[in-house]
Amino acid sequence: MARSFGVTLVVILTIVLTMMLIKTLGLAAGGNVAPQHVLYLLGYMSLAHLPTMLSLSLFIAIVATLGRMYRESEMTIWFASGVGLGRFVKPVLRTAWPVVLAVAVLMMIIWPWGNQNSSQLRELYEQRSDLSRVAPGQFQSSADGSRVFFIERDSADDKTARNVFILMNSERSESVTTSLKGHIETAKDQRFLVLEHGQRNEQDPQSGAKALARFEEYKLLVDNQAMRATDQRPPKAIGTLELLDKPIPRNQGELTWRFGMALGCVNLMLLGIGISASNPRRASNWNLLFALLGFVVYFNLINLSQSWVASGRMSMAGALLAVHGSGFALALGLLWWRDQGNRLCLPRCKPRLAGGGA
């Protein structure tokens, strides 16, 4: 089972990393993140999705390993020897407990840390002025499309630009501003673009009047808010202890998700033992398909419980008990049903074997 878990994790990790790499490159190409932060963002996103990948890999490994034992009639020998399916919980747990512990640590500590750093990378890039986003030697428009920039970045200083060209278009005027140098200054919550040694050509589109002004220094407001307030952070970027200190609905919804992923990993382990049963006379592997369907349903229920708690429809304790308590009861009931079925099958099988039948 450990070898099967390792192989499954490598396959799932490769698929997910490829998808996230494509998504991250798309964000960088769209101007949402800095190109030099692509690898950092990919690493943070991988850590954020690692608990889900670990839970799925463990679930598939349990179903695949025990399912192979059913197909090769090894489980039949164990059942005939008086070993029930419940006896397999202990050896499975002995192999799975490091994965369950890793999922719990990742959800409680690494998940908020990775989301916080990822949000900071995006926020820092979004807070940069339109001039800072422009690639040297290329024309690029601003976010609202009202300005077009062209700069030549100074090789000695990444914060300073030379030969700056700005085309501004509004309902009242159209202007072209050029300067030899430009840099960014921050004053309180406002960010200014400071241009040096340039001129500004302005024209009124309605009257056709033109104006020419030369300047030694010209300041242009580019951002009204320099930093985001700490209380505006999303709940997924807040530490677990801080969420516990502020029991508001959205924080409790996030805690429901984090606790739910850890509890779900345990329930999926028990469900995998019961779902893995298959008929050795059938070549199909439907139990693995049912297992994947069960994982998708369980994962969606965890997401629904988070939204229910965040919207105030349910309490955190009620949501955890409803989803994971039901899952735990279903797993135990499935194990009991499998054990009862195996015990009832043995008396019917013994006379047939004793009589020398097929």
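Q: By class, how many nonpolar, polar and charged residues does the lining of the largest cavity have?
A: This is a predicted model: local features need pLDDT of at least 70, side-chain atom pairs count only at pLDDT 80 or more, and totals for chains, interfaces and linings use all residues. Numbering runs from 1 along each chain as its sequence is written, and side-chain values use heavy atoms, without hydrogens or water. The lining includes Ser-55, Met-261, Gly-264 and Phe-295 (lining: an atom within 4 Å of a 1 Å grid point where a 1.4 Å probe fits; in a cavity the probe cannot get out). Sorted by class (Ala, Val, Leu, Ile, Met, Phe, Trp, Tyr, Cys and Pro nonpolar; Asp, Glu, Lys and Arg charged; others polar), the count is 7 nonpolar, 2 polar and no charged.

Q: Is Leu-292 buried, partly exposed or exposed?
A: Leu-292 belongs to helix α8, residues 286–310. Its relative accessibility is 32%. Buried needs under 20% and exposed over 50% (1.4 Å probe, protein chains only), so Leu-292 is partly exposed.

Q: Which element gives the largest share of the lining of the second largest pocket?
A: This pocket (an open set with protein on both sides within 12 Å along at least five of seven lines) has a volume of about 580 Å³. Its lining has 24 residues, with Lys-23, Met-45, Ala-48, His-49 and Trp-111 nearest the centre. α1 (2–29), α2 (38–71) and α4 (89–127) give two or more residues each. The largest share, 8 residues, comes from α4.

Definitions and conventions
Points joined across faces, edges and corners; volume = space filled by probe spheres on them. Helix = DSSP H or I, 4+ residues; strand = E, 2+ residues; numbered from the N terminus.
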